[in-house]
Amino acid sequence: MLKSISGAKASKEEITRIKIIQTAQKLFQSDGLQGVTMEDVAAAAGKAKSSLYYYYKSKEEIWDAVMDIEIGEIVSDIANAVDHALTIEQKIHAFCGTMLKSLRKKRALYNIAYGTNEAVKRNKSTGSIRRRFVKQENVLFKEILAEGIEKGVLKPMKLKEQEILVFVLLSGLKGLEKEIGLEKDYDLEPAIKALSHMIIYGLKA
């Protein structure tokens, strides 16, 4: 969830922006990107449509702001989990586990960002969101690889090999999340352990 800013520190404009984003977040989750209009956001936020345009020029701009925060929360959660892990295997487990759990928690918005219908694919903002998310994920996992190689835990890899590995891993995680999503009560932990085990022993020095 989006964090509120203390009234003592936030300006009236900042508070209004937060309210708009929180409102839009709930609408996107329930009705999807294409099912929400500026009129819907304005009405739910208790604002006139004309005043909404003072803060955001379009629905896509609001969506972008919502997803910036959502992505930031996921990346921050992953980074914190990895930082608290001690070994390289634990870091890989933390990365995979936190990402899967975060994607499950934010599934509604994630499904919109990675939607396959034509309206979503034509949305330039959605494409930009995907690229930002992938870029930040790449950076985090490459840091784990670099640390593992430096410590001699993982075998040396060329940059191109690392890029291919990260691409396959992230694609696999997103695919796994989609499949697991079909089973609402599926226990993530065994899948996370199996995936982490395969990665670490496949790359072990």
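**A serine in helix 5**

Modeller: Serine 102 is buried, with a relative accessible area of 6%. The cut-off for buried is under 20%, so serine 102 qualifies. Keep in mind that this is a predicted model.

Where does serine 102 lie? It lies in helix 5. Leaving out residues up to four places away in sequence, serine 102 touches Ile74 and Asp77.

Stay in helix 5, which spans residues 88-105. Now look at phenylalanine 95. Beyond its neighbours within four places in sequence, phenylalanine 95 is in contact with a list of residues that includes Ile78, Val82, Phe141, Ile144 and Leu173. Glu137, Leu140, Leu169 and Leu170 are also among its contacts.

Phe95 brings us to the largest nonpolar core, which has 51 residues. Those with the most contacts inside it are Ile62, Phe95, Cys96, Phe141 and Leu173. Several helices each supply at least two residues of this core, among them helix 1, helix 5, helix 8 and helix 10. Helix 4 gives the largest share, 11 residues.

Step back to the whole chain. The protein chain has 10 helices and 0 strands. Of its 205 residues, 42% count as buried. Take the contacts with a separation of 6 or more: residues 24 or more positions apart account for 68% of them. The chain exposes about 11400 Å², and carbon and sulfur atoms supply 56% of that area.

Next, helix 2. Its buried residues include Met38, Val41, Ala42 and Ala45. Seen down the helix axis, the buried residues fall within an arc of 95°, so they line one face of helix 2. What covers them includes helix 1, helix 3 and helix 4. Just after helix 2 comes glycine 46, with a positive phi of about 75°.

Now the charged side chains. The structure holds 6 salt bridges. One of them joins lysine 49 and glutamate 39, at 2.6 Å from N to O. Lysine 49 sits in helix 3 and glutamate 39 in helix 2, 10 residues apart. Lysine 49 is partly exposed at 33% relative accessibility, and glutamate 39 is partly exposed at 40%.

Another salt bridge joins aspartate 64 and arginine 132, with the closest N and O atoms 3.0 Å apart. This pair links distant parts of the chain: aspartate 64 is in helix 4, arginine 132 is in helix 8, and 68 residues separate them. Asp68 joins these two in a network of salt bridges.

Arginine 17 and glutamate 13 meet in a salt bridge too, at 3.8 Å from N to O. These two are 4 residues apart in helix 1, so about one helical turn separates them.

Proline 156 is exposed, with a relative accessible area of 69%. It lies in the loop between helix 8 and helix 9. Apart from residues up to four places away in sequence, proline 156 touches Ile149 and Glu161.

Last, check the confidence. The mean pLDDT of the chain is 80, and 80% of its residues reach 70 or more. Confidence is highest in helix 2, at a mean of 93, and lowest in helix 7, at 48. Over residues 3-8, pLDDT stays under 50. Where pLDDT is low, the predicted coordinates should not be read in detail.

Terms used:
Residues are numbered from 1 along each chain as its sequence is written. Side-chain values use heavy atoms; hydrogens and water are left out. pLDDT is the predictor's confidence in each residue, from 0 to 100. Contact means heavy atoms within 4.5 Å. Buried means under 20% relative accessible area, exposed over 50%, partly exposed in between (1.4 Å probe, protein chains only). Accessible areas come from the Shrake-Rupley method with a 1.4 Å probe; for residues, only the protein chains shown count as cover. A nonpolar core is a set of buried Ala, Val, Leu, Ile, Met, Phe, Trp, Tyr and Cys residues joined through side-chain atoms within 4.5 Å. The arc is that of the directions from the helix axis to the C-beta atoms. A salt bridge is a side-chain nitrogen of Lys or Arg within 4 Å of a carboxyl oxygen of Asp or Glu.
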